[in-house]
Amino acid sequence: MGSGKERNRPLTSDERTRLALFQETAARLEAAGYERTELTISIVRANLYAILVALFLLIGGTFLYLTVHGEVAMDTGGGGLLTIIVAFVVLTVVHELVHGLTWAMFTEHHWGDIAFGIMRRYFTPYCSCKVPLAKGPYITGVLMPLVVTGIVPALIALAVGSFLWFIIGIIMMVSATGDVMIAVGILMRKSSATEAVYLDHPTLGGVVVFER
């Protein structure tokens with residue numbers, strides 16, 4: 001769950017607008033007989049888990065690369081570092097765009113139902129869907145950036161023998177740690193409800209499920 005500090009942080013004007021819309025949507029769903037449950041995550045905890053994931057993927061990934069190619073070769077000077085930094089910045093933007101593009105495919109107003117922003121205190125960019133989605137479309141949108149910006153680039157780099165881009169792929173997989181936590185939380189939740197919709201929390205990382 002989001003920590004107290006995360007819940008009480010100052011909101012931007014866009015977040016306040018989205019919070020008002022969320023409350024309106026939640027009230028409408030609850031009036032229709034839905035019960036709400038928060039499946040939010042702490043950004044701080046997600047970042048701590050990301051460190052553990054990074055260690056596991058870097059060690060395991062390097063072992064896999066060595067197994068396939070026998071050696072690693074990467075520009076360790078300014079050029080290699082600059083490539084990693086630029087790629088990370090660009091792919092972080094792409095990561096959020098992929099969230100939005102995927103969710104927009106399942107909403108009535110498409111891009112009009114998607115919002116982007118940054119949690120300034122944690123310097124964490126986010127993409128949020130402003131309308132409820134079914135379980136499948138929601139999880140698809142949550143995990144698609146992991147595939148597009150992390151797993152696919154890493155596999156291509158492994159195939160062609162580019163350790164630099166293999167590491168970039170791993171970095172982007174690590175950046176999706178929070179997304180994986182949200183998806184796992186949804187999938188592990190047991191419920192006897194026959195109907196459920198998933199609505200992004202407007203100010204915290206995660207989702208609110210409405211069931212009846």
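Predicted model: local features only at pLDDT ≥ 70, side-chain atom pairs only at ≥ 80, totals over all residues.
Local features were taken at pLDDT of at least 70 and side-chain atom pairs at pLDDT 80 or more, whereas totals for chains, interfaces and linings use all residues. Residues are numbered from 1 along each chain as its sequence is written, and side-chain values use heavy atoms, without hydrogens and water.

Nonpolar cores were defined as sets of buried Ala, Val, Leu, Ile, Met, Phe, Trp, Tyr and Cys residues joined through side-chain atoms within 4.5 Å. Buried denotes under 20% relative accessible area, exposed over 50%, and partly exposed the range in between (1.4 Å probe, protein chains only). The largest core comprises 19 residues. W103, Y138, I182, I186 and V207 have the most contacts inside this core. Two or more residues each come from β1 (35-41), α4 (78-104), β3 (124-129), α5 (135-160), α7 (177-188) and β5 (205-211). These elements are DSSP runs numbered from the N terminus: helices are H or I, at least four residues, and strands are E, at least two. Helix α7 gives the largest share, four residues. Contacts (heavy atoms within 4.5 Å) were listed for I186, leaving aside neighbours within four places in sequence. I186 touches L39, K135, Y138, I139, Y198 and V207. Another core, of 14 residues, lies apart from the largest one. Its members include Y65, L146, I167 and V174.

Aromatic pairs were assigned to rings of Phe, Tyr and Trp (its six-membered ring) with centres within 6.5 Å; planes under 30 degrees apart count as stacked, over 60 as edge-to-face and the rest as tilted. The count is six pairs. Y65 and F163 are edge-to-face, because their ring centres are 5.0 Å apart and their planes stand at 65°. Y65 belongs to helix α3 (residues 43-69) and F163 to helix α6 (residues 163-175), so this pair ties together parts 98 residues apart in sequence. Both Y65 and F163 are buried. Ring pairs also link Y65, F163 and F166 into a cluster. W111 and F116 form a tilted pair, at 6.0 Å centre to centre and 35° between the planes. W111 is partly exposed at 43% relative accessible area, and F116 is partly exposed at 35%.

Zero disulfides were found in the whole structure, the criterion being a pair of cysteine sulfur atoms within 2.5 Å. For C127, the closest cysteine sulfur is that of C129, 7.7 Å away and therefore too far for a bond. C127 is buried at 10% relative accessibility. C129 is buried at 1% relative accessible area.
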